[in-house]
Amino acid sequence: MNYELKIMLSTKTIEDIKKAIANYPRKKSASMDALTIAQKECGHLTQDVLLEIASLLEMPPVQLNQVAAFYTMYNKKPVGKHHVQVCTNVSCSLLGSEHIVEFLSKKLGVKKGETTSDKKFTLSEVECLGSCGTAPMMQINDDYYENLTEVKIEEILKGLK
Ligand code: FES
């Protein structure tokens with residue numbers, strides 16, 4: 001398939017991706033590092049950004065798209081300033097994560113996958129975040145919030161500007 005390669009990433013991000021690539025015997029092994037680095041700059045991964053990363057990794061774009069699609073930590077569409085990601089996998093589910101999602105949905109006035117009209121919050125449901133021992137839990141941007149209760153969530157939301 002033909003496509004036009006556009007430069008979407010800054011020189012610094014490209015350099016950081018090249019440094020990550022240097023850590024692996026095969027360029028495409030740095031896929032997840034590269035996606036994470038690019039997302040830090042772009043906020044979400046557009047098709048143009050994915051094409052540029054695939055080019056740096058010298059891998060077929062379709063393979064990189066599959067990696068980005070598989071992991072919920074990669075944003076395929078724009079997210080709000082605070083990306084609220086509630087784990088609903090087994091441990092969290094057993095300890096009430098569905099209720100946590102409903103509670104947050106009511107508090108924020110959005111459904112799963114939606115962003116508030118002021119672009120402040122996006123609510124997402126995600127797979128296990130590796131913190132099962134402190135379920136139910138959620139991640140907001142880079143921070144984990146664990147052993148969640150309604151009271152805790154109220155406090156967390158109040159603390160977010
Ligand atoms: S099941 Fe929620 S962090 Fe693992």
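With 10 C-beta neighbours inside 10 Å, Glu 58 counts as exposed, since the cut-off for that class is 12 or fewer. Keep in mind as we go that this is a predicted model. Most residues other than glycine have a negative phi. To find Glu 58 in the viewer, look in the loop between helix H3 (47-57) and helix H4 (61-70).

Is Lys 119 buried or exposed? It has 12 C-beta neighbours inside 10 Å and therefore counts as exposed.

One more backbone feature is worth a stop before we turn to the sheet. Most peptide bonds are trans. The bond from Ala 135 to Pro 136, however, is cis, with omega near -5 degrees. Pro 136 sits in the loop between E2 and E3.

Those two strands bring us to the sheet itself. It is open and has four strands in the order E2-E1-E3-E4, with mixed pairing. At its edges stand E2 and strand E4 (143-145), each with a single partner strand, so one side of each has no neighbour in the sheet. From one strand to the next, the twist averages 25 degrees. Helix H6 packs on this sheet and touches E1, E2 and E3, its direction making about 155 degrees with that of E1.

Now follow E1 and its partners. With strand E2 (residues 121-126), E1 pairs in the parallel sense over six bridges, and Val 84 stands opposite Leu 123 of E2. With strand E3 (residues 138-140), E1 runs antiparallel, joined by three bridges; here Val 86 has Met 138 as its bridge partner.

How many of the six residues of E1 (residues 82-87) are buried? Six of the six are, so the strand is largely enclosed by the rest of the structure. Both of its faces are covered: His 82, Val 84 and Val 86 are buried on one side, and His 83, Gln 85 and Cys 87 are buried on the other.

Finally, let us visit a pair of helices. Two packed helices are described by the angle between their axes and the distance between the axes. For helix H1 (residues 11-21) and helix H2 (residues 31-42), the angle is about 165 degrees and the axes are 9 Å apart. An angle over 145 degrees counts as roughly antiparallel, and H1 and H2 are therefore roughly antiparallel to each other. The crossing of H1 past H2 is right-handed. On the H1 side, the contact is made by Thr 13, Asp 16, Ile 17 and Ala 20, while H2 contributes Asp 33, Ala 34, Ile 37, Ala 38 and Glu 41. Sorted by class, the contact has five nonpolar residues, one polar residue and three charged ones.

Conventions
Residues numbered from 1 in each chain as written. Predicted model: local features only at pLDDT ≥ 70, side-chain atom pairs only at ≥ 80, totals over all residues. Axes fitted to C-alpha atoms, helices over the stretch in contact; angles between N-to-C directions. Parallel < 35°, antiparallel > 145°, perpendicular 65-115°, else oblique. Left-handed = near helix turned anticlockwise from the far one by under 90°. Contact = placed C-beta atoms within 7 Å. Nonpolar A, V, L, I, M, F, W, Y, C, P; charged D, E, K, R; others polar. Buried ≥ 20, exposed ≤ 12 C-beta atoms within 10 Å, placed from the backbone. Pairing = 2+ DSSP bridges.
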